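Hi,

Here is the structure I promised to pass on. Could you have a look when you get a moment?

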Amino acid sequence: DEAFYVTFANRRLLLNFNLMMSKRIDDKELDEVPEEYLGLFAGRGMLRRCPLPQWVKDAVFFRDRGRCVFCRCDLSGLITVGSDKNFDHVVPLARGGLNDVTNIQLLCEVCNSRKGQGEPMTSDFYQAWYDMDR
């Protein structure tokens, strides 16, 4: 339980890791990037947006339990019909964020619009995957 929490469900850890990585990317001048990696960059300090693989969407949806990480509304389609899933970069690409599963979170359309490309942020909500006292 704790190993899984630390590696994928601890949002504070993932936010701090992605902030650290974004500083490394944000400081990169294009002439410092090896030629074979230049196609990954949209410009100075910014990675190119790429489509998320289905496994990333599935992993994030499962980790976030089909709910918006901020307002906790249902995005599974089982309870609320018509709620759009938005896979959001915790640290926006415009701020040096990564196209990595550790930097993706599930948001509803309203919360995603509010967050936009502003400050990197996520929720501290954590729900145990099982009760060890049972």
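Below is what turned up when I went through it.

Before anything else, bear in mind that this is a predicted model.

The overall layout: the protein chain has four helices and four strands, and starting at the N terminus they come in the order α-α-β-β-α-β-β-α. There are 134 residues in the protein chain, and 35% of them count as buried. If you take the contacts in the protein chain with a separation of 6 or more, 61% of them are between residues 24 or more positions apart.

Next, the cysteines. How many disulfides does a search of the whole structure find? The answer is zero. Cysteine 71 is in no disulfide, and the nearest cysteine sulfur to it belongs to cysteine 73, 3.7 Å away. Cysteine 111 has its closest cysteine sulfur in cysteine 108, at 3.6 Å. A disulfide needs the two sulfurs within 2.5 Å, so that pair is too far apart for a bond. Cysteine 111 itself has a relative accessibility of 7%, so it counts as buried.

You'll find serine 22 in helix α2, which covers residues 11-26. Is serine 22 buried or exposed? Its relative accessible area is 5%, under the 20% cut-off, so serine 22 is buried. A polar atom of the serine 22 side chain lies 2.8 Å from the backbone oxygen of leucine 19. Leaving out residues up to four places away in sequence, serine 22 touches Val91, Arg95, Gly96 and Gly97.

The residues lining the second largest cavity are Arg11, Leu14, Leu15, Arg63, Val90, Thr102, Ile104, Gln105 and Thr122. By class, that lining has four nonpolar, three polar and two charged residues.

That's it from my side. Over to you!

Cheers

Notes
Residues are numbered from 1 along each chain as its sequence is written. This is a predicted model: local features need pLDDT of at least 70, side-chain atom pairs count only at pLDDT 80 or more; totals for chains, interfaces and linings use all residues. Side-chain values use heavy atoms; hydrogens and water are left out. Helices (H or I, at least four residues) and strands (E, at least two) are DSSP runs, numbered from the N terminus. Buried means under 20% relative accessible area, exposed over 50%, partly exposed in between (1.4 Å probe, protein chains only). A polar contact is a pair of N or O atoms within 3.5 Å; within protein, one must be able to donate a hydrogen and the other to accept it, and residues adjacent in sequence count only if both atoms are side-chain atoms. Contact means heavy atoms within 4.5 Å. On a 1 Å grid over the protein atoms alone, a cavity is a set of points where a 1.4 Å probe fits but cannot get out, and a pocket is an open set with protein on both sides within 12 Å along at least five of seven lines; lining residues have an atom within 4 Å of a point. Ala, Val, Leu, Ile, Met, Phe, Trp, Tyr, Cys and Pro count as nonpolar, Asp, Glu, Lys and Arg as charged, and the others, Gly among them, as polar.
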